[in-house]
Amino acid sequence: MSNTPETLLKVDHLCQYFGFTRAVDDVSFEIKKGEVFGLVGESGCGKTTTGRSIIKLYNITSGNIYYKGIRIGAGMKSYKDDIERAKNEYKEKVANATPEEAQRLKAELDAYVADRKKAMNEAKRDLKECDKAYSAQQVAEVNAKYEPLMNNANPELVQEYRNELRKAKRARLSSQIQMIFQDPIASLDPRMTVREIIAEGLIIRGERNKKVIDEKVFEMLERVGLVREHADRYPHEFSGGQRQRIGVARAIIMNPELIIADEPVSALDVSIQAQVINLLNELREEMGLTILFIAHDLSVVKYFSDRIGVMYFGKMVELATSDELFAHPTHPYTKSLLSAIPLPDPVYEKNRKRIAYDPLVEHDYSVDKPTFREITPGHFVSCNDEEFARYQAELN
Ligand SMILES: Nc1ncnc2c1ncn2[C@@H]1O[C@H](COP(=O)(O)OP(=O)(O)OP(=O)(O)O)[C@@H](O)[C@H]1O
Ligand SMILES: [Mg+2]
């Protein structure tokens, strides 16, 4: 399957609980290399938490996150729950068992617990070693490039080799994934100059050469539509749109493969929104970026995203290509979100009715529970058996 694009990020049954709040509850999706994946849903549905879980700002509750097949996130709760459940089942069964049966059940339980603990330890080891594995790979690449050039190399080249090697040794998988934060005011330290803000990641990664750092900062400023004279100013001296450009510069200086853009335009005027979206689009083409684009409004992601996932209260309720989602919205919550988009068409606007979504009215999940199912190829909806049949009939 060499012509199918590589899966860059795989989020697998992600759960992130804060006490009783299930901010993200069993969410799965994949992002292919080069794709823009839109994640939408109303305030509080868990979009930011999903993004922050991916960049490892949280120890996730359960589920796994993979980057290029390397496990970068794993939650321990599901393993502990499995063990707990097995122990309870054992207690129930063993109560009425003959001694021989009891012995067999105990052996079964022990084997199961040992297996779950082994899986949990594997997850812990993967997490601990993912950066190491990545940096070892980077070191090997640098060695392969420079070693053949080291016969009669001039001191400058030797120095360059050393520099690159030092960076490779400090390379972290996590710098491959950068986030543009939701709030451009809160996310920029007011005591730091723009130069310091943009250069921070490079310095953490091991770059020491001040000239290299300055040149890189100037290059990034110009790339996002600012000028080098802005480098010595402070964030409060900029407009909202300019601040968001600083956030973009800070993210792309690390030369990441994946950008998580968390509502990068929600706080901006409509005219400025288009500018920032255009900037992201240009960067996407120039740098071959893959983007997870978070928004609460479907109209913002419509033209920009290849595929869209719709979240409601911590759950993914629908996922499809952008075209498919707009042509055949299926989950009632998606229909409700779509009905909220105004169009520049007076006749349409006059008749446009906002469809309200009330899960208690729309679904009867008292017996038949919903799961996330593929109703047509690539189009997933959260539904139970009855809804699955109805949605498929609707689409045909
Ligand atoms: N650090 C935290 N501690 C406790 N609860 C949190 C934390 N972060 C988020 N939550 C809760 O988790 C839920 C999801 O929040 P999240 O910020 O992910 O939503 P969102 O979809 O990004 O919303 P918005 O569109 O308003 O940014 C909310 O109920 C929120 O109150
Ligand atoms: Mg948010």
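A cavity is a set of points, on a 1 Å grid over the protein atoms alone, where a 1.4 Å probe fits but cannot get out. This predicted model holds 1 cavity of 30 Å³ or more. Its ligand 1 has 14 residues around it. Local features need pLDDT of at least 70 and side-chain atom pairs pLDDT 80 or more, while totals for chains, interfaces and linings use all residues. Residues are numbered from 1 along each chain as its sequence is written, and side-chain values use heavy atoms, without hydrogens and water.

**Cavity**
- The largest cavity has a volume of about 30 Å³ (the space filled by probe spheres set on the points, which are joined across faces, edges and corners).
- Its lining (residues with an atom within 4 Å of a point) comprises Ile180, Phe181, Pro184, Ser187, Arg243, Gln244, Gly247 and Arg250.
- Helix α7 (residues 240-252) gives the most, with 4 residues; helices are DSSP runs of H or I, at least four residues, and strands are runs of E, at least two.
- The lining divides into 3 nonpolar, 3 polar and 2 charged residues, with Gly counted as polar.

- Ser43, Gly44, Thr48, Thr49 and Gln182 come nearest (near: a heavy atom within 4 Å).
- Polar contacts are pairs of N or O atoms within 3.5 Å.
- A polar side-chain atom of Ser43 lies 2.5 Å from a ligand 1 oxygen.
- For the side chain of Thr48, an N or O atom is 2.7 Å from an oxygen of ligand 1.
- Gly46 places a polar backbone atom 3.0 Å from a ligand 1 oxygen.

**Ligand 1: shell**
- β2 (21-32) and α1 (47-54) each give two or more residues.
- The largest share, 3 residues, comes from α1.
- By class, the shell has 4 nonpolar, 7 polar and 3 charged residues.

Technical notes
Chains lettered and ligands numbered in written order. 1 Å grid on protein atoms, 1.4 Å probe; cavity = no way out; pocket = protein on both sides within 12 Å on 5 of 7 lines; lining within 4 Å. Polar contact = N/O pair within 3.5 Å; in protein donor to acceptor, adjacent residues only side chain to side chain.
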